[in-house]
Amino acid sequence: MPPEEDITVDNEEETYPEAEESAEIPEQLPPPSDEVIPPSKEHNWAMLAHLSILLNLFTGFLGPVVAFIIYLVYREKSRYIAYQSLQAAVFQLIVVVGVGLVIGAMWLVTAVLSVFLIGLLCIPLSCIGSIVLIFVPIASLVYGVIAGIKCGQGEDFRYWLVGDWVRGTYENG
């Protein structure tokens, strides 16, 4: 067996001047830069917000989420992107939630009235109403793509009714 060696450790801390300098935390962080977004980039982000409606084809609900995320990111940086993305999110929510609620309410009324046999007459009307309302999301997809194309070309697009309401609440808020 090898003899045991006496190991001593110095408890003195070694100081490194480079580490001390980098460890200092500045008292104030520099103010955020006022980033100017070029118009072409603004138009691209606004176009993406409107085209996020295409995500609803695959997911059913992520379109308004993406448009709202774009709004949250750019609301302080660009009024154009913020307005277009908020408008796209509100329009998509109205279409997705509104059509779903109308179809659901229509079938609920039909089910409740079926207990009294009157609802049996409502079943064909509910079927026809559901088929007609299924075309509303398809029409909204076309409208959203048109909005995306217009924004991509640099135009200020407003959805019918929704655009004026969002502009009013955005400017007053």
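**Figure 1. Histidine 50, a buried residue of the predicted model.** Histidine 50 counts as buried because its relative accessibility is 0%, below the 20% limit that defines the class. The model shown here is predicted. This histidine lies in helix 2. Once neighbours within four places in sequence are set aside, the contacts of histidine 50 include Gln84, Gln87, Ala88 and Gln92. Gly144, Ala147, Gly148 and Cys151 are also in contact with histidine 50, as are Phe157 and Tyr159.

**Figure 2. The protein as a whole.** The fold consists of seven helices and zero strands, which gives the pattern α-α-α-α-α-α-α along the sequence. Of the 173 residues, 29% are buried. When contacts between residues at least 6 apart in sequence are considered, 66% of them link residues at least 24 apart.

**Figure 3. Packing of helix 2 against helix 5.** Helix 2 spans residues 39-51 and helix 5 spans residues 79-114. Their axes come within 8 Å of each other and cross at roughly 5°. Helix 2 is therefore roughly parallel to helix 5, since angles under 35 degrees fall in that class. On the helix 2 side, the contact is made by Glu42, His43, Trp45, Ala46, Ala49 and His50. Helix 5 contributes Tyr80, Ile81, Gln84, Ser85, Gln87, Ala88 and Gln92. Sorted by class, this contact has six nonpolar, six polar and one charged residues.

**Figure 4. Packing of helix 2 against helix 6.** Helix 6 covers residues 119-152. The axes of helix 2 and helix 6 come within 8 Å and cross at roughly 180°. Helix 2 is therefore roughly antiparallel to helix 6, because the angle is over 145 degrees. From helix 2, the residues making the contact are His43, Ala46, Met47, His50 and Leu51. From helix 6, they are Gly144, Val145, Ala147, Gly148, Cys151 and Gly152. By class, the contact between helix 2 and helix 6 has six nonpolar, five polar and no charged residues.

**Figure 5. The nonpolar cores.** The largest nonpolar core holds 17 residues. Within this core, Phe91, Tyr159, Val162 and Val166 touch the most other members. At least two residues of the core come from each of helix 5, helix 6 and helix 7 (162-172). Helix 5 gives the most, with seven residues. A second, separate core has eight residues, among them Ile37, Ala49, Ala88 and Ala89.

**Figure 6. Surroundings of valine 99.** Valine 99 is located in helix 5. With a relative accessibility of 11%, valine 99 counts as buried. Residues up to four places away in sequence being excluded, valine 99 touches Ile94, Leu133, Val136 and Pro137. One of these partners, leucine 133, is 34 residues from valine 99 along the chain. The C-alpha atoms of valine 99 and leucine 133 are separated by 6.7 Å.

Terms used. Residues are numbered from 1 along each chain as its sequence is written. This is a predicted model: local features need pLDDT of at least 70, side-chain atom pairs count only at pLDDT 80 or more; totals for chains, interfaces and linings use all residues. Side-chain values use heavy atoms; hydrogens and water are left out. Helices (H or I, at least four residues) and strands (E, at least two) are DSSP runs, numbered from the N terminus. Buried means under 20% relative accessible area, exposed over 50%, partly exposed in between (1.4 Å probe, protein chains only). Contact means heavy atoms within 4.5 Å. Axes are lines fitted to C-alpha atoms, for helices over the stretch in contact, and angles run from 0 to 180 degrees between N-to-C directions. Angles under 35 degrees count as roughly parallel, over 145 as roughly antiparallel, 65 to 115 as roughly perpendicular and the rest as oblique. Ala, Val, Leu, Ile, Met, Phe, Trp, Tyr, Cys and Pro count as nonpolar, Asp, Glu, Lys and Arg as charged, and the others, Gly among them, as polar. A nonpolar core is a set of buried Ala, Val, Leu, Ile, Met, Phe, Trp, Tyr and Cys residues joined through side-chain atoms within 4.5 Å.
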